[in-house]
Amino acid sequence: MRSGTVSRSYFKTEKGQDMTKDILVSIKGLQNPGEEAEDELEVIIPGSYYKRGDKHFIKFDEVTEGMEGSTSNLLKIQKNSLEVTKKGLTNTHMVFEEQKKNMTYYDTPFGNLLVGIAATRVDMEETEENINVKVDYALEVNYEHLADCTIDVKVCPRDGKELHII
C-alpha cells in the first residue's frame with residue numbers, strides 16, 4: 001500500500017463486485033440438553049470467503065476424526081438467517097431463520113436423522129475485519145426436543161489478528 005492511501009475494508013466490496021479471500025473460521029457450538037452439563041465444542045479451520053449482493057459465503061472442508069473422507073461446508077450468512085450446507089461424509093441443508101422452525105434430513109454414515117431447528121435469535125455483526133454470527137436455537141431429532149443450542153461463528157482474514165486460540 002502506498003503512503004497516503006486508505007485501505008479498504010477486508011469484507012466490503014464495491015456494489016455488485018465479487019471477491020474471494022482466505023480466511024479463518026471459528027465455529028463454537030454449545031448444547032444444553034437440560035439437566036445434564038453443557039457440552040461445548042470449538043473448531044478453527046481455514047476457508048475462503050466471498051460476498052454476492054447482501055449475502056456472505058464461507059466455504060471450508062472438515063475432516064471427521066476416525067473416518068475416511070471429508071465434508072465440504074458452505075455457510076450462507078445474511079441478516080436474520082444462517083444456512084449451512086454439508087456435502088460429503090455427512091449431507092444436510094440446515095436453515096436457521098429467526099422465529100421460524102425448519103425441518104431437514106441430516107445424512108450420516110450411520111443413518112439419517114430428521115432434524116428440527118427452531119431459531120430464536122440470529123445476530124450478524126460485520127466490522128471492517130470480521131464477521132460474527134450468533135445463533136440460539138432449539139434442536140429436535142425425530143420430533144423430540146434434544147437440546148437448546150448456541151452457535152458462534154467468527155470469520156477473520158487469515159492474516160488478521162482478531163481470532164485467538166486459547
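Which strand gives the largest share of the lining of the largest pocket? The model is a predicted one, in which local features need pLDDT of at least 70 and side-chain atom pairs count only at pLDDT 80 or more, whereas totals for chains, interfaces and linings use all residues. Residues are numbered from 1 along each chain as its sequence is written, and side-chain values use heavy atoms, with hydrogens and water left out.

It is strand β2 (residues 39-52) that supplies the largest share, with six residues; strands here are DSSP runs of E with at least two residues, numbered from the N terminus. The largest pocket has a volume of about 1,100 Å³ and is lined by 39 residues, of which Leu41, Glu62, Lys86, Met94 and Tyr106 lie nearest its centre. A pocket is an open set of points, on a 1 Å grid over the protein atoms alone, where a 1.4 Å probe fits and protein lies on both sides within 12 Å along at least five of seven lines, and lining residues have an atom within 4 Å of a point; grid points are joined across faces, edges and corners, and the volume is the space filled by probe spheres set on the points.

Turning to the aromatic residues, the count comes to two pairs, where rings of Phe, Tyr and Trp (its six-membered ring) pair if their centres lie within 6.5 Å, and planes under 30 degrees apart count as stacked, over 60 as edge-to-face and the rest as tilted. Tyr50 and Phe57 are stacked because their ring centres are 4.8 Å apart and their planes stand at 5 degrees, and both residues are buried (under 20% relative accessible area, with exposed over 50% and partly exposed in between, for a 1.4 Å probe and protein chains only). The other pair, Phe96 and Tyr137, is edge-to-face, at 5.0 Å centre to centre and 70 degrees between the planes. Because Phe96 lies in strand β6 (residues 92-97) and Tyr137 in strand β9 (residues 131-141), this pair ties together parts that are 41 residues apart in sequence. Phe96 is buried at a relative accessible area of 1%, and Tyr137 is also buried, at 12%.

Two residues other than glycine have a positive phi. Asn80, with phi near 65 degrees, is found in the loop between β4 (70-78) and β5 (81-88) and is partly exposed at 33%. Tyr143, with phi of about 70 degrees, lies in the loop between β9 and β10 (144-157) and is exposed at 62%.

Technical notes: Helix = DSSP H or I, 4+ residues; strand = E, 2+ residues; numbered from the N terminus.
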